[in-house]
Amino acid sequence: MTRSIRGIAAGEDEARPGVRTGPRIVFLHGVMPRSGTNYLQSLLELHPDVAVNPYGIRELPLLNTIEDARAYEGRFLRYYRRNRESIHDLEMFACMVGGFLRRIEAGFPAGKTVVVKSPHTRMMRYFPYLFPTERCLIVLRDGRRAVQSTIDTWPLRFLGRTFADVCREWSYGTAAALEAQSRMSPDVCRLVRFEDAVADPDGAARDLLSFLGLEDSRYPFERIADLPILGSSRASRRNGEVSWTPVKKPEGFDPSKRPLDWSRKRRTVFDAVAGDMQKKAGYA
């Protein structure tokens, strides 16, 4: 149904040579905010054929709103119940999503790869349904540091959540990411570990370019080391709050190895809530 809404012929695949007539659209997801999507986007943005934040939209959490979309459809159908015979589940939402994607396709040339970012993986099981010809990158991050970065950025008193809530958010998001990887083809979905990208940005960039079919000969690898930091929970602080203005990277900056100063209680809570998922994700 989503294909027909967007005018995509049955069996048409944007990965096949000669088929793609518009820009390639790629969705960059993180398991939760503070997972490293900003860094991965910065790496991709260096390529001259990549465009990010289309129309100034820095984040587009479409999948997160599926439950709200169903609630709206329910209200709409109550006005004329016989429409239920003609309108399928999430069809109206698919129309909205399709309209936004068609706007991107109309606004960018065929040679461009447009990156749309969302630091969430909720409802990833719907990705193939809503985006049948798009690809997705999912950023994983060590749960301990993702949780710490979150509460450094948005203190718990501001979030109105507990430490366990943030641990649970990481665990659920990581579970959704691993499930998505298991359900989708490796040609469509790629998991990227934030720590690996930080340790070997050249290698990570080459892998991303290969996955997206971008020419590495056009990529300025020499500029990677000069990438600024965007929204670091430590290095980007101004007046006690995290600033989203790019800043120069301090010497020795490595958020993947930042030490944790957790109390025994916090370590116990994390292990109880997210310890099993931490192991499943490969973070012993």
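This is a predicted model: local features need pLDDT of at least 70, side-chain atom pairs count only at pLDDT 80 or more; totals for chains, interfaces and linings use all residues.

Colleague: What makes the five strands an open sheet, and in which order do they lie?

Modeller: The order is E2-E3-E1-E4-E5, with parallel pairing, and the edges are E2 (50–52) and E5 (189–193), each of which pairs on one side only. From one strand to the next the twist averages 25°. Helix H10 (residues 201–212) packs on this sheet, where it touches E1, E4 and E5, and its direction makes about 155° with that of E4.

Colleague: How do you know that E1 pairs with E3 and with E4?

Modeller: Two strands count as paired when at least two bridges are found between them; E1 has six bridges to E3 (residues 113–118) and five to E4 (residues 135–140), and both pairings are parallel. On the E3 side, Val-26 has Val-115 as its bridge partner and His-29 stands opposite Ser-118, while in E4 the residue opposite His-29 is Ile-138.

Colleague: Why is E1 described as largely enclosed by the rest of the structure?

Modeller: Buried means under 20% relative accessible area, and seven of the seven residues of E1 (residues 24–30) are buried, so the strand is largely enclosed. Side chains in a regular strand alternate between the two faces of the sheet. Here both faces are covered, with Arg-24, Val-26, Leu-28 and Gly-30 buried on one side and Ile-25, Phe-27 and His-29 buried on the other.

Colleague: Which residues stand out in the largest nonpolar core?

Modeller: That core has 46 residues, of which Leu-63, Phe-131 and Ile-138 touch the most other members. Leaving aside residues up to four places away in sequence, the contacts of Leu-63 include His-29, Met-123, Phe-127 and Phe-131. A second, separate core has 26 residues, among them Val-52, Ala-205, Leu-208 and Tyr-219.

Colleague: Why are H8 and H11 called roughly parallel?

Modeller: The axes of H8 (residues 163–183) and H11 (residues 264–280) cross at roughly 0° and come within 9 Å; angles under 35 degrees count as roughly parallel, and the two helices are therefore roughly parallel to each other. Among the residues that meet are Phe-163, Trp-170 and Leu-178 in H8 and Phe-270, Val-273 and Met-277 in H11. By class, this contact has eleven nonpolar, three polar and three charged residues.

Colleague: What makes H3 and H4 oblique instead?

Modeller: Their axes cross at roughly 120° and come within 8 Å; the perpendicular class covers 65 to 115 and the antiparallel class begins over 145, so H3 (residues 66–78) and H4 (residues 91–107) are oblique to each other. Ile-66, Ala-69, Tyr-72, Glu-73 and Phe-76 in H3 meet Glu-91, Met-92 and Phe-93 in H4, a contact with six nonpolar, no polar and two charged residues.

Colleague: Why do Arg-34 and Asn-53 count as buried?

Modeller: The cut-off is under 20%; Arg-34 is at 13% relative accessibility and therefore counts as buried, and Asn-53, at 16%, does so too. Arg-34 belongs to the loop between E1 and H2 (37–45), whereas Asn-53 lies in the loop between E2 and H3.

How values were computed: Residues are numbered from 1 along each chain as its sequence is written. Side-chain values use heavy atoms; hydrogens and water are left out. Axes are lines fitted to C-alpha atoms, for helices over the stretch in contact, and angles run from 0 to 180 degrees between N-to-C directions. Helices (H or I, at least four residues) and strands (E, at least two) are DSSP runs, numbered from the N terminus. Contact means heavy atoms within 4.5 Å. Ala, Val, Leu, Ile, Met, Phe, Trp, Tyr, Cys and Pro count as nonpolar, Asp, Glu, Lys and Arg as charged, and the others, Gly among them, as polar. Buried means under 20% relative accessible area, exposed over 50%, partly exposed in between (1.4 Å probe, protein chains only). A nonpolar core is a set of buried Ala, Val, Leu, Ile, Met, Phe, Trp, Tyr and Cys residues joined through side-chain atoms within 4.5 Å.
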